[in-house]
Amino acid sequence: MEKKIILSGMQPTGKLHLGNLEGALKNWVSLQDDYLMHCCIVDWHSLTSEYTNTGDLKEKVFQMAVDYLAAGLDPKKCAIFVQSQVKEHAELHLLFSMLVPIPRLARVPSYKEKRKELGLDSYGFLGYPVLQAADILIYRANYVPVGQDQLPHIELTREIARKFNSLYGEIFPEPEAKLTKFPVIPGIDGRKMSKSYNNDITMGESSEQTTSKIMRMYTDPKKIYKGDSGHPEECPVYLLHQIYTPDYKNLYPVCHSGELGCVECKKLLAKNLNKALEPIRAKRKKLEANPERVWDVLESGAKRARKRARETMGDVRNAMGIF
Ligand code: SF4
């Protein structure tokens with residue numbers, strides 16, 4: 001039986017952090033045996049907010065590709081490529097943009113939120129979800145692994161597929177969201193881990209840097225001294241223990257009773273986290289020392305992606321009577 005198709009993507013922000021690893025990459029790696037994965041580095045999307053700052057885009061793409069591979073994505077199993085290397089995304093985006101009324105785009109929650117928050121008001125930013133629909137439908141993807149916040153974008157993609165099919169014939173499937181439950185990874189200040197908050201722990205940093213960040217991490221503010229009773233359920237350090245410390249449950253009672261101090265608790269987390277990251281760091285080092293290999297992976301991934309994208313565009317042009 002032919003494998004179902006998945007499209008997943010991330011904007012190139014440079015080196016990825018634990019939030020990206022636990023929230024997306026590990027899931028993608030687990031899907032690559034059973035699905036035909038297309039793992040895209042969506043560089044055009046990043047221009048919606050970073051269009052004045054493109055000088056380091058190539059380096060960011062490179063670092064992201066290194067992290068994809070270091071986390072375990074296998075280029076033999078999935079196409080890893082850069083969006084701008086498959087120009088068919090742009091062509092399909094243009095055609096789709098004729099089908100979507102502007103008020104529909106203005107109602108997309110992320111547009112309303114980020115427009116205010118980031119002061120973005122460009123034509124490209126408004127059309128972002130249409131480009132995303134093209135990214136997905138150009139591969140006639142069946143599933144898109146997303147978090148809850150991306151559901152409105154998938155719904156719009158399905159609407160566009162339906163509208164296109166009703167006008168020109170059945171070309172596109174209606175892709176489904178592959179919702180994954182993953183823990184929200186706290187940053188060192190206790191807020192959600194994010195590069196923009198400058199609270200992240202990257203996958204590739206040294207064990208010393210990681211340890212130093214963990215030792216500075218925010219904890220339960222009610223536990224000041226070792227003997228104080230702590231509340232692990234309110235402590236971001238404990239949240240990370242739940243991922244990286246196999247017998248983390250044993251820490252709960254001793255934190256609560258005051259037997260365990262925060263310094264000792266953080267040292268244990270740093271040890272376990274460094275152990276978990278060690279193989280990823282080792283792979284990263286090898287890849288960084290051999291950049292040609294990384295660019296080759298991206299080129300052969302783009303070749304595979306282009307083949308499929310061109311087939312879709314052939315069908316689209318035929319259906320629309322464009323030659
Ligand atoms: S002992 Fe550990 S879990 Fe308890 S408050 Fe301190 S850092 Fe958090």
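Tutor: Two residues are said to be in contact if their C-beta atoms, placed from the backbone, lie within 7 Å. The structure is a predicted model, in which local features need pLDDT of at least 70 and side-chain atom pairs count only at pLDDT 80 or more, while totals for chains, interfaces and linings use all residues. Residues are numbered from 1 along each chain, as its sequence is written.

Student: Leaving aside its neighbours within four places in sequence, which residues is Met203 in contact with?
Tutor: Met203 lies in the loop between β5 and α10, where helices (H or I, at least four residues) and strands (E, at least two) are DSSP runs numbered from the N terminus. Once the neighbours within four places in sequence are set aside, the contacts of Met203 are Lys15, Leu16, His17, Leu21, Asp67, Ala70, Leu277 and Ile280.

Student: Is Met203 buried or exposed?
Tutor: A residue is buried if 20 or more other C-beta atoms, placed from the backbone, lie within 10 Å of its own, exposed if 12 or fewer do, and partly exposed in between. Because Met203 has 23 other C-beta atoms within 10 Å, the class it receives is buried.

Student: How is Asn198 classed, buried or exposed?
Tutor: Asn198 is found in the loop between β5 (176-179) and α10, and its phi is near 55°, a positive value in a residue other than glycine. Most residues other than glycine have a negative phi. Since Asn198 has 9 other C-beta atoms within 10 Å, it is classed as exposed.

Student: What is the phi of Arg140 near?
Tutor: Arg140 lies in the loop between α8 (128-137) and β4 (143-146), and it is partly exposed because 18 other C-beta atoms lie within 10 Å. Arg140 is a residue other than glycine with a positive phi, and that value is near 45°.

Student: How many of the residues of α8 are buried?
Tutor: The buried residues of α8 include Tyr128, Pro129, Val130 and Leu131, and Asp135 and Leu137 are also among them. The helix is mostly covered, the number of buried residues being ten of its ten.

Student: Of the ten residues of helix α6, how many are buried?
Tutor: Helix α6 spans residues 109-118 and is followed by Gly119, whose phi is positive, near 65°. The helix lies largely in the open because, of its ten residues, the number buried is zero.

Student: At what angle do helix α10 and α13 pack?
Tutor: The contact is made by Ser207, Thr210, Thr211, Ile214 and Met215 of α10 with residues of α13 that include Lys266, Leu269 and Leu277. The crossing is right-handed, meaning that the near helix is turned clockwise from the far one by less than a right angle. Axes are lines fitted to C-alpha atoms, for helices over the stretch in contact, and angles run from 0 to 180 degrees between N-to-C directions. On that basis, the axes of α10 (residues 207-215) and α13 are 9 Å apart, and the packing angle is about 145°.

Student: How do the residues of the contact of α10 with α13 divide?
Tutor: Ala, Val, Leu, Ile, Met, Phe, Trp, Tyr, Cys and Pro count as nonpolar, Asp, Glu, Lys and Arg as charged, and the others, Gly among them, as polar. By that scheme, the residues of this contact divide into six nonpolar, four polar and one charged.

Student: Which helix gives the most to the shell around the ligand?
Tutor: A residue is near a molecule if its C-beta atom, placed from the backbone, lies within 6 Å of it. There are 13 residues surrounding the ligand, the closest being Gly230, Cys235, Cys255, Cys262 and Cys265, and the shell divides into eight nonpolar, two polar and three charged residues. Both α11 (236-244) and α13 (262-288) supply at least two residues of this shell. The helix that gives the most, with three residues, is α13.

Student: From which helix does the largest share of the side of domain 1 that touches domain 2 come?
Tutor: The domain assignment, whose bounds come from an automatic or database source, gives domain 1 (5-184 + 291-320) and domain 2 (204-285), with C-alpha centres 34 Å apart. Eight residues of domain 1 are in contact with six residues of domain 2. On the domain 1 side, the largest share, five residues, comes from residues 57-71, helix α3.
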